[in-house]
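Welcome! Please take a look at the sequence and the 3D structure, and then read on for a short tour.

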Amino acid sequence: TYYIASKYDTADVCSLNELTKVNINKDDASVLQSVSAITNSVANSIVAYRNENGQFNTIEDLLEVYGIGNATYRKIRGYVTLHE
């Protein structure tokens with residue numbers, strides 16, 4: 001099963017503005033922290049995991065990153081992307 005993130009903010013039904021997403025395969029820790037649920041330590045863990053294991057193939061791979069559990073994953077999955 002794969003999660004497919006929405007293009008628009010589903011919390012705002014009338015929104016026509018696309019979500020701003022961060023690229024977990026390219027962005028540095030400071031950019032990743034622009035997502036409210038990504039703390040400094042989680043951002044650094046994402047970058048470290050990527051440096052050690054290569055690019056993420058699916059968004060679900062974030063669950064392998066130290067510091068990201070199910071709750072954090074559910075908060076950030078709509079705000080991250082693998083490609084530009």
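## Inside and outside

A residue is called buried when its relative accessible area is under 20%, exposed when over 50%, and partly exposed in between, using a 1.4 Å probe and protein chains only. Buried residues account for 36% of the chain's 84 residues.

## About the model

This is a predicted model, where local features need pLDDT of at least 70 and side-chain atom pairs count only at pLDDT 80 or more, while totals for chains, interfaces and linings use all residues. Residues are numbered from 1 along each chain as its sequence is written, and side-chain values use heavy atoms, leaving out hydrogens and water.

## The overall layout

The chain has 3 helices and 2 strands, arranged along the sequence as β-α-α-α-β. Here helices (H or I, at least four residues) and strands (E, at least two) are DSSP runs, numbered from the N terminus.

Let's turn to contacts, meaning heavy atoms within 4.5 Å. Of the contacts between residues at least 6 apart in sequence, 45% join residues at least 24 apart.

## An aromatic pair

The structure holds 1 aromatic pair: Y49 and F56 are stacked, at 5.3 Å centre to centre with 25° between the planes. Rings of Phe, Tyr and Trp (its six-membered ring) pair if their centres lie within 6.5 Å; planes under 30 degrees apart count as stacked, over 60 as edge-to-face and the rest as tilted.

F56 is buried because its relative accessibility is 3%, whereas Y49, at 22%, is partly exposed.

## A loop residue

Where is D61? D61 sits in the loop between α2 (40-53) and α3 (70-76). D61 counts as partly exposed because its relative accessibility is 22%.
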